[in-house]
Amino acid sequence: MTAPEKKSAQRGRSSELLDIPGPKPSSREAQKRLTRERLITAGEAEFRIRGYNETTAENIATSAGTSRATFYVYFKSKAEVVLELMQRSSPDVLRAYSDLDAITKPTLRNVKAWLRSTMALWDTRRSDFTIMEQALANDDAVTDMWISTLANSYQVMPRTFGRFTNAKDHEKARLHLLTLQSALERMMYFAVIRRRPVKMDLLLDTLADQWLAFLESTFPESEKG
């Protein structure tokens, strides 16, 4: 075999090696993932039917077609099932604040449009947010995760928070954002989730004024008006 032929053969063998798929998960690992997913799905369904407080680990296990002991292999408590649901919802929440940050020139009109899309998100995820709301009142771990998600949402708003060069001003703005988020979350819960009577146009006007004032407050003097 000539030298070029040897090199060609070596390249062929290298290519074959690169095409070899990685190790596949064992059937036992796949079964464990499937069982865990079934428990999460069953937990979400049970929370919707019974409410968070009335749902037990045994309810979830039975709905998933397994035992209470098996439930505790995967979760320490039903609160951990909610934490998993929250982790799956948090990207949508963070995306909403990323969309707000993407508004280059905030006005009442485009801030209202952002608020409408946020309301639509809450409406779409009504069941999930209802479960979370019930769990928030009963489990510290759920409360901590929700607060952490909101408190760290400034990280998906680089345009807004990148304007602050002073650490004190940055922290003040972060806390300002957190208070607005907390108020918005309450209003979304009562107006969208619980369907309590409220004049939505007036609510949108009020919220838009508050959020626009916050966004404008982050602009340096040279960029204002």
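Student: What percentage of the 225 residues in the chain is buried?

Tutor: The model is a predicted one. A residue counts as buried when its relative accessible area is under 20%. For the chain of 225 residues, the buried share is 36%.

Student: How many helices and how many strands does the chain have?

Tutor: Read along the sequence, the pattern is α-α-α-α-α-α-α-α-α-α-α. The count is therefore eleven helices and zero strands.

Student: Among contacts between residues at least 6 apart in sequence, what percentage joins residues at least 24 apart?

Tutor: Contact here means heavy atoms within 4.5 Å. Among the contacts in the chain between residues at least 6 apart, the part joining residues at least 24 apart is 71%.

Student: How are helices α10 and α11 oriented, parallel or antiparallel?

Tutor: Two packed helices are described by the angle between their axes and the distance between the axes. The axes of α10 (residues 167-193) and α11 (residues 200-217) come within 11 Å and cross at roughly 170°. Angles over 145 degrees count as roughly antiparallel. Therefore α10 and α11 are roughly antiparallel.

Student: Where does R195 lie, and is R195 buried or exposed?

Tutor: R195 is placed in the loop between α10 and α11. Its phi is near 55°, a positive value in a residue other than glycine. Because its relative accessibility is 53%, R195 counts as exposed.

Student: How many aromatic pairs does a search of the whole structure find, and what is the geometry of F71 with Y72?

Tutor: The search of the whole structure finds 13 aromatic pairs. A pair of aromatic rings is described by the distance of the centres and the angle of the planes. For F71 and Y72 the centres are 5.2 Å apart and the planes stand at 90°, a geometry classed as edge-to-face.

Student: Which residues does F71 touch, not counting residues up to four places away in sequence?

Tutor: F71 lies in helix α4 (residues 68-74). F71 and E58 are 13 residues apart in sequence, and their C-alpha atoms are 7.9 Å apart. Beyond four places in sequence, F71 touches L39, A57, I60, A61, S77, K78 and V81.

Student: Over which ring does the charged end of K78 sit, and over which face does R163 lie?

Tutor: The charged end of K78 is 4.5 Å from the centre of the ring of Y52, and sits over that ring. R163 is at 3.9 Å from a ring centre, and the face over which R163 lies is that of F219.

Student: Which helices hold the aromatic pair F129 and W146?

Tutor: The rings of F129 and W146 are edge-to-face, with 6.3 Å centre to centre and 70° between the planes. Both F129 and W146 are buried. The pair links distant parts of the chain, 17 residues apart: F129 in α7 (residues 126-136) and W146 in α8 (residues 140-151).

Student: Against which helices do the buried residues of α7 pack?

Tutor: The buried residues of α7 are D128, F129, I131, M132, E133, A135 and L136. They pack against α2 (27-50), α5 (78-101), α6 (108-124), α8 and α10.

Student: Is E133 buried or exposed, and which residues is E133 in contact with?

Tutor: E133 lies in helix α7. Its relative accessible area is 14%, so E133 is buried. Leaving aside neighbours within four places in sequence, E133 is in contact with E185, R186 and Y189.

Student: What separates the C-alpha atoms of P158 and D101?

Tutor: P158 is found in helix α9 (residues 158-161), and P158 is exposed, with a relative accessible area of 56%. P158 and D101 are 57 residues apart along the chain, and their C-alpha atoms are separated by 7.3 Å.

Key. Residues numbered from 1 in each chain as written. Predicted model: local features only at pLDDT ≥ 70, side-chain atom pairs only at ≥ 80, totals over all residues. Heavy atoms only, no water. Axes fitted to C-alpha atoms, helices over the stretch in contact; angles between N-to-C directions. Helix = DSSP H or I, 4+ residues; strand = E, 2+ residues; numbered from the N terminus. Parallel < 35°, antiparallel > 145°, perpendicular 65-115°, else oblique. Phe/Tyr/Trp six-rings, centres within 6.5 Å; stacked < 30°, edge-to-face > 60°. Buried < 20%, exposed > 50% of the residue type's maximum accessible area, 1.4 Å probe, protein only. Lys NZ or Arg CZ within 6 Å of the ring centre and 35° of its normal.
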